[in-house]
Amino acid sequence: MLIAGFPAGAWGTNCYLVAPAAGEECVIIDPGHQAAEGVEEALRKHRLKPVAVVLTHGHIDHVASVVPVCGAHDVPAWIHPEDRYMMSDPEKALGRSIGMPLMGELTVGEPDEVKELTDGARLELAGLEFSVAHAPGHTKGSVTFQMPENTEIPSVFFSGDLLFAGSIGRTDLPGGSHAEILDSLARVCLPLDDSTVVLSGHGPQTTIGQERATNPYLREVAAGQGADVNAPRRGM
């Protein structure tokens, strides 16, 4: 399997291209702020053909390049219905205006085809399987994507802004909830095997085992306690 990832834009949001191998079809995950050029470069380098864009949530740093990427390749975007409005109204999603000098020119709106994600869905795209889990807390419509393990690699978990190396997503923006993100961590992350590779929306890759041992939020959720709300967080 091929996973090509790169940080993009002002927030260093991780965008991923996932394919069975070079020269085949692929899925693009979270083409955010200023990600379009990096997507095209990765497509050329690995000779990939996109079949879909899938989104972990609707914040502008994860969806800003959805319209140009989907339009260039005539592919749909998948998003949870509770975050769909964010593609057309990113300022409402953040509860504040977006600084144009920081963001630059944006193409706000939906691509031609939008499909909605549901909890427990199994997406079969580009010869790959993605299990969808609704994981609210950072936003109401946050989701994660898990790929099953095989003989070559362990399971891969695209956590969006739910779980990071050493931290979790912020919950102080509209639709955020500290209680909900703790519940999502307990329900979605804790049952995963320690060997599961975590590819998050920001920062380096990690594993569930590493986070179970060192992440203050996951440790306290596992212990049945409420984590310290003042511990450092990430995400837009």
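**Labels and what they rest on**

Modeller: The buried residues of helix α3 pack against β3, α1, β4 (49-54), α2 (60-63) and β5. This is a predicted model, in which local features need pLDDT of at least 70 and side-chain atom pairs count only at pLDDT 80 or more, while totals for chains, interfaces and linings use all residues. Residues are numbered from 1 along each chain as its sequence is written, and side-chain values use heavy atoms, with hydrogens and water left out.

Colleague: Which residues of α3 are the buried ones?

Modeller: They are Val-66, Val-67, Val-69 and Cys-70, where buried means under 20% relative accessible area, exposed means over 50%, and partly exposed lies in between (1.4 Å probe, protein chains only).

Colleague: What makes α1 and α3 a packed pair, and at what angle do they pack?

Modeller: Helix α1 (residues 36-46) and helix α3 (residues 66-73) pack at an angle of about 35°, with their axes 9 Å apart. The contact, meaning heavy atoms within 4.5 Å, is made by Ala-36, Val-39, Glu-40 and Leu-43 of α1 together with Val-69, Ala-72 and His-73 of α3. The axes are lines fitted to C-alpha atoms, for helices over the stretch in contact, and the angle runs from 0 to 180 degrees between N-to-C directions.

Colleague: What is the core, and which of its residues have the most contacts inside it?

Modeller: A nonpolar core is a set of buried Ala, Val, Leu, Ile, Met, Phe, Trp, Tyr and Cys residues joined through side-chain atoms within 4.5 Å. The largest one has 24 residues, and those with the most contacts inside it are Leu-17, Ile-28, Val-39, Val-53 and Val-66. At least two residues of this core come from each of β1 (2-8), β2 (13-19), β3 (25-29), α1, α3 and β5 (77-79). Apart from this core lies another, of 22 residues, which includes Val-27, Ile-29, Val-132 and Val-197. Leu-17, for its part, touches Leu-2, Phe-6, Ile-28, Val-39 and Leu-43, among others, when neighbours within four places in sequence are left aside.

Colleague: Is His-138 called buried or exposed, and why?

Modeller: The relative accessible area of His-138 is 2%, so by the cut-off already given this residue is buried. His-138 sits in the loop between β8 (128-134) and β9 (143-147). Its side chain makes a polar contact with the side chain of Asp-161 at 3.2 Å, and the side chain of His-138 also reaches the backbone oxygen of Arg-170 at 2.7 Å.

Colleague: How do you know that a pair of atoms is a polar contact?

Modeller: The pair must be N or O atoms within 3.5 Å; within protein, one must be able to donate a hydrogen and the other to accept it, and residues adjacent in sequence count only if both atoms are side-chain atoms. Another example is the side chain of Ser-142, which makes a polar contact with the side chain of Thr-139 at 2.7 Å.

Colleague: Where is Ser-142 found, and is this residue buried or exposed?

Modeller: Ser-142 lies in the loop between β8 and β9, and at 6% relative accessibility it therefore counts as buried. Ala-135 is in the loop between β8 and β9 as well, and its 1% relative accessible area is why Ala-135 is called buried. Among the residues in contact with Ala-135, neighbours within four places aside, are Ser-142, Leu-162 and Val-188.

Colleague: What is the phi of Asp-30, and what is the phi of Asp-74?

Modeller: Most residues other than glycine have a negative phi. Asp-30 has a positive phi near 55°, and the phi of Asp-74 is likewise positive, near 55°.

Colleague: Why is Asp-30 given one accessibility label and Asp-74 another?

Modeller: Asp-30, in the loop between β3 and α1, has a relative accessible area of 2% and so is buried. Asp-74, in the loop between α3 and β5, has 71% relative accessibility and therefore counts as exposed.

Conventions
Helix = DSSP H or I, 4+ residues; strand = E, 2+ residues; numbered from the N terminus.
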